[in-house]
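I opened this model to look up a few points about its helices, its strands and the contact between its chains. My entries follow in the order in which I made them.

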Amino acid sequence: MAGPDPRALAARLTRGRPSSARVAFGSERAFGPCLRLRTWALGNGLRVLTLPDRAAPVVSFQTWLGVGAKHDPPGRSGLAHFFEHLMFLGTERYPAGALDEVLEAVGADNNAMTGCDTTAYVTSLPASALPLGIDLEADRLSALTLDAAEVEREREVVLSERRDAVEDDVAGKASELLWRTAFRRHPYGRPILGWARDVRRIAMSDLRAFYAARVAPSNATLVVAGDFAEDALLRAVQEAYGSMASGEPPPPAPAPEPPQRRERRAVLSWPTDAPKLQLGWRAPGANHPDHAALALFAFLLFGGRSARARQRLLRDEELCTEISGFLAPFQSEGLYELWLGLRPSVDPDHALAALDALLEDALQTPFEPEEIDKARRRLRLALFTSLETAEGRAERAGSDALVCGDPAAAWAFEASLAQVDERSLRSAAARVFRPSQRTVVTVRPGRGAS
Amino acid sequence: MSQRRWTRVGGTVALLEREDALPVVDLALRFPLGSLGDPEGKGGCLRLMARLLRRGPRGMDEAAVEEAIARLGARLAVGITRESVELHGTVLAEQAPAFAALLGRLIAAPAFRARDLARAKREVRAELADARDDDGALAARHLRDFAFGAHPYGAPTGGTQASLRRVTRADLIEAHARAVGTGGTLVGAAGPLDRAQADALFDALLDGVPRRQVRRPRVRATGQPRGRRLRIVHRPGRQQVQLGLATLGTQRRDPHRLALLVAETAFGGTFASELTHEVRSVRGWSYYAGSTLRAGARRELLEIWSHPAAHDAAACAAREIELLERWAQHGPRPGDLRRAKTYLIGSRAFDEETAARRLELAMLRETGDALPGFRTAVRRVSRAAATEAVRRRIQPRDLAMVAVGDRRQLVPALGALPGVASVEVVDARKPLRRS
């Protein structure tokens, strides 16, 4: 969809404005077969990505901050996530509870997510309510009240979330142990939700300092996708954000984790009848040239019902009830995670040996071209369906902008899938799926198992 | 964006949602017989039958089926509800005809091999054991069992260890014959298709499906025992409690259903609703707190869920009951009701955002699960109508309460809640007793 001439629009919007509110046009490019993505910036450093699409009368307005759990100071793990919760508390203009009330009153939904590298605030609105969404987001970016009593109540909610997702959940507990064992120095080893003891000792002063330094235009990217007019949107953004001070520069990236040279193991005793294996291989970040090849390899082995691991370990050998693998996009080196839910009587060491044999075979024996084509098609399908909604498109563009430095990286990924051949696929996999680069958490039935 | 509906030969209703933005086609098929049609004592039979559809027809085993689906760049979900067997596939548009033909083969003539049945039973048994690690799923399963007792609505759609043992190959063949027919069945497509292209896909899908009416079983009315009853599902050492409260609510053809839905949205259906605000925002007791109003052919449950810490469970449950009683007596608060109505009307745009979502909504309209003229009907719900609906349908004196957690903390704390007439404790590791 072609919008107004972007340079002329930026010039028109900038005329007579203070420097912090000036609009600069960055770039325009295709976002898939039908859409155009434009990048803009205000004078105070706020970046804006626009993805207009009139197909449905909805819009997703998202704020992506370049701060995540990896930036939590030592002893204050969970700070970025805790603060994400606090952004839903009150401001002078919208006191506690008002944010949800006014958004729901127009049929909008809002949520947020904290990752290792980023934090995102996601509001999906009927198109006519976009000005309200902009007003609310700008308001909480600059005028959060941080009432002490409300903060304490929200701390309890965060601890409840942690009990739900980790303390009483075997997969959450195993995952936490996996990352802690795999990353001894780099903060990816600390949980996004934070250690409970750290969450308890996050002080008001920590929160205020975080708000001042990290929640600011210089560290924020607005992503707007859906049914809106670009000029009206940019004018509203200018009005709402243009007077804000820039803020501190984005936080520096932590030093990388030293290379892993030996397999690491940990055991979790849990009251379950069915043992489990949680594995993680050190894998390159989302920007790495091997990323598409790894995604294809992982899909062929673990990704669907026809995947080799599922066929062999689940169907033929009946070792597992569940197999799921996950290559998340990280800014720096992360993990390829694999979860095996084993049948009650299966010895985890036996299952691990079967997995090793499968991997060895996959690394030694060439894949048929048809098999690689199969994985390509399924990954393309997954990409397309994830981009069906305005929220999905905004989320992908925002995440890719911050993690990969390219808001259209999804489509670069799609193009690179076509470039991967059998040889590059196996050589990329061989660099990652080595025992020396993996961490294994074994969940063994403990007290309370029948 | 366009929508079409027509009836095909054999009585199948066809739906098409056209959208050209992405080269992706969704295909959906719904046969109107679900787990309520399980033979007596053989709970899980229809689900096993549906599961074995993708184990292949004669001459094509499971591995070949999965390989064929994957090579088409497709994904397929086969599921079951109490009232239907459902297949939903998504495929790259260029492969849609081949995918429809493959699905048609799977549906029409499954082999139901004895070895596949035996393996599927072993899989399901292992999954049932695995599911006991999930406190939320465990609590949900127990709440239905406890609320409905011996009524078929209380039975898990997948059956139990005991009921699955009794299912034979002959049962699967008989279940397939009852469930798979053209009459009363819904078929739908969404994506870059015109009617002729959609009809060609439906022809392939339904090619081997017999032209017969699928008969739904008669299900007796649901009921609930009088009084407040508590079941503790014992999980030693748990730090927090999966707490569920349920009472009978509404059914699909209930004239009060829409007003009750609006009232329930105001009560516990959104973040700003009274229940969620009180339990999460004001008290900080639980990350999640909210209500769900279900509707079936017979009266279903209104459920209230939260996950408080063990030491907060009694206070949290007591407050939830207070709020429920106040709501049942006085109806929704005016401000909450206004917001619930505008929320339901405004957020409908998201249910219609993509062709796949519009198709889903159109299929729900056909079954009566989604109401036609929804926005206008919601706009017309008055406070008096919402209050009357709540008063007529919600009875907080009759509550089934389930708490998954450590009995040593929960029995004394929750057993002392007002009006609790009975307390039973069951072991989380033990399977449900029903057959």
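**Entry 1: a helix in chain A.** I started with what covers the buried residues of helix 16 of chain A, and the list includes strand 9 (276–283), helix 10 (291–303), strand 11 (334–342), helix 12 (348–364) and helix 13 (369–386) of chain A. I noted that the model is predicted. Helix 16 of chain A spans residues 422–432, and its buried residues include L425(A), A428(A), A429(A) and V432(A). I then looked down the axis of helix 16 of chain A: the buried residues fall within an arc of 100°, so they line one face of the helix. An α-helix has 3.6 residues a turn, so residues three or four places apart point the same way.

**Entry 2: a helix in chain B.** How many residues of helix 1 of chain B are buried? I got nine of the nine in residues 45–53, so helix 1 of chain B is largely enclosed by the rest of the structure. The buried residues of helix 1 of chain B are C45(B), L46(B), R47(B), L48(B), M49(B), A50(B), R51(B), L52(B) and L53(B). I also looked up what covers them, and the cover includes strand 4 (74–80), strand 5, helix 3 (96–108), helix 4 and helix 7 (169–179) of chain B.

**Entry 3: a sheet in chain B.** I traced an open sheet of six strands in chain B, with the order 10-12-8-13-7-14 and mixed pairing. Its edge strands are strand 10 (289–293) and strand 14 (420–427) of chain B, each of which pairs on one side only. From one strand to the next, the twist averages 15°.

**Entry 4: strand 7 of chain B.** Which strands does strand 7 of chain B pair with in the parallel sense? I found strand 14 of chain B, over seven bridges, and strand 13 of chain B, also over seven bridges. V233(B) stands opposite V426(B) in strand 14 of chain B, and R231(B) stands opposite V402(B) in strand 13 of chain B. Seven of the seven residues of strand 7 of chain B are buried. I sorted them by face: R228(B), L230(B), I232(B) and H234(B) are on one side, with R229(B), R231(B) and V233(B) on the other.

**Entry 5: helices on the sheet.** Helix 16 of chain B (residues 407–415) packs on the sheet and touches strand 7, strand 13 (399–405) and strand 14 of chain B. I read about 170° between the directions of helix 16 and strand 7 of chain B. Helix 9 of chain B (residues 257–269) lies across strand 10 and strand 12 (301–306) of chain B, and runs at about 165° to strand 10 of chain B.

**Entry 6: the contact between chains.** I counted 53 residues from chain B and 54 residues from chain A in the contact. On the side of chain B that touches chain A, the elements that give two or more residues are helix 2 (62–71), strand 5 (85–92), helix 4 (114–131), helix 10 (274–282) and helix 12 (334–351) of chain B. Helix 12 of chain B gives the most, with eight residues. By class, I noted 20 nonpolar, 15 polar and 18 charged residues on the side of chain B that touches chain A.

Key. Residues numbered from 1 in each chain as written. Chains lettered and ligands numbered in written order. Predicted model: local features only at pLDDT ≥ 70, side-chain atom pairs only at ≥ 80, totals over all residues. Contact = placed C-beta atoms within 7 Å. Helix = DSSP H or I, 4+ residues; strand = E, 2+ residues; numbered from the N terminus. Nonpolar A, V, L, I, M, F, W, Y, C, P; charged D, E, K, R; others polar. Pairing = 2+ DSSP bridges. Axes fitted to C-alpha atoms, helices over the stretch in contact; angles between N-to-C directions. Buried ≥ 20, exposed ≤ 12 C-beta atoms within 10 Å, placed from the backbone. Arc of directions from axis to C-beta.
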